[in-house]
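Let's take a walk through this structure, looking at its ring-bearing side chains and some of their neighbours. Have the 3D view open as you read.

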Amino acid sequence: MADTIADTRRLFSKPQNLNDAYGPPSNFLEIDVSNPETIGVGRTRYTTYEVRLKTNLPIFKLKESSVRRRYSDFEWLRAELERESKVVVPPLPGKALFRQLPFRGDDGIFDDSFVEERRQSLEQFLNKVAGHPLAQNERCLHMFLQDESLDKSYTPSKIRQA
């Protein structure tokens, strides 16, 4: 057996200048879920959330976008990613069935604290999903983040980098 000695020399990197340190990052993807709005009355009442995207990743056709989505749209995205991609998709926040029961002392799923808690969870979900390199190739994610309306009868496919 030959004796091998580990190479413990340091790697030399080029010195960093101010532009490198404080300039825009080479790759970034920022997704915010904000501005919840409750729409409708009675049984047709629902909450939408603004989903804002800022990125310089070349795979996204728009570098900035803003769309409104409701919880069922997030459910659709999760189901599509599970069906079409090789990504382990994190869970969504729960449906909150008990909050939908009548005769509660609060606004149920429209209570401000619940809406804020769900908003944070949806933002966390989207950032985990969109941060995954394989998920970034899925057409359903691009539609969800950048198309004003979702075409739920789309043909699943991969996005090719420009």
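Start with Trp 76 and Tyr 154, which are both buried. Keep in mind that this is a predicted model. What arrangement do the rings of Trp 76 and Tyr 154 adopt? Their centres are 5.7 Å apart and their planes meet at 70°, so the pair counts as edge-to-face.

A search of the whole structure turns up two aromatic pairs. Phe 74 and Phe 144 make up an edge-to-face pair too, with 4.9 Å from centre to centre and 70° between the planes. Phe 74 is part of helix H2 (residues 71–84) and Phe 144 is part of helix H4 (residues 139–146), so this pair ties together parts that lie 70 residues apart in sequence. Phe 74 and Phe 144 are both buried.

Arg 69 lies over the face of Phe 144, 5.4 Å from the ring centre. Over at Tyr 71, the charged end of Arg 118 sits above the ring, 3.9 Å from its centre.

Now head to Asp 151, in the segment after H4. Asp 151 is partly exposed, with a relative accessible area of 39%. Leaving aside residues up to four places away in sequence, Asp 151 touches Trp 76 and Met 143. The side chains of Asp 151 and Ser 153 are joined by a polar contact of 2.8 Å.

Terms used:
Residues are numbered from 1 along each chain as its sequence is written. This is a predicted model: local features need pLDDT of at least 70, side-chain atom pairs count only at pLDDT 80 or more; totals for chains, interfaces and linings use all residues. Side-chain values use heavy atoms; hydrogens and water are left out. Rings of Phe, Tyr and Trp (its six-membered ring) pair if their centres lie within 6.5 Å; planes under 30 degrees apart count as stacked, over 60 as edge-to-face and the rest as tilted. Helices (H or I, at least four residues) and strands (E, at least two) are DSSP runs, numbered from the N terminus. Buried means under 20% relative accessible area, exposed over 50%, partly exposed in between (1.4 Å probe, protein chains only). A charge sits over a ring if NZ of Lys or CZ of Arg is within 6 Å of the ring centre and within 35 degrees of the ring normal. Contact means heavy atoms within 4.5 Å. A polar contact is a pair of N or O atoms within 3.5 Å; within protein, one must be able to donate a hydrogen and the other to accept it, and residues adjacent in sequence count only if both atoms are side-chain atoms.
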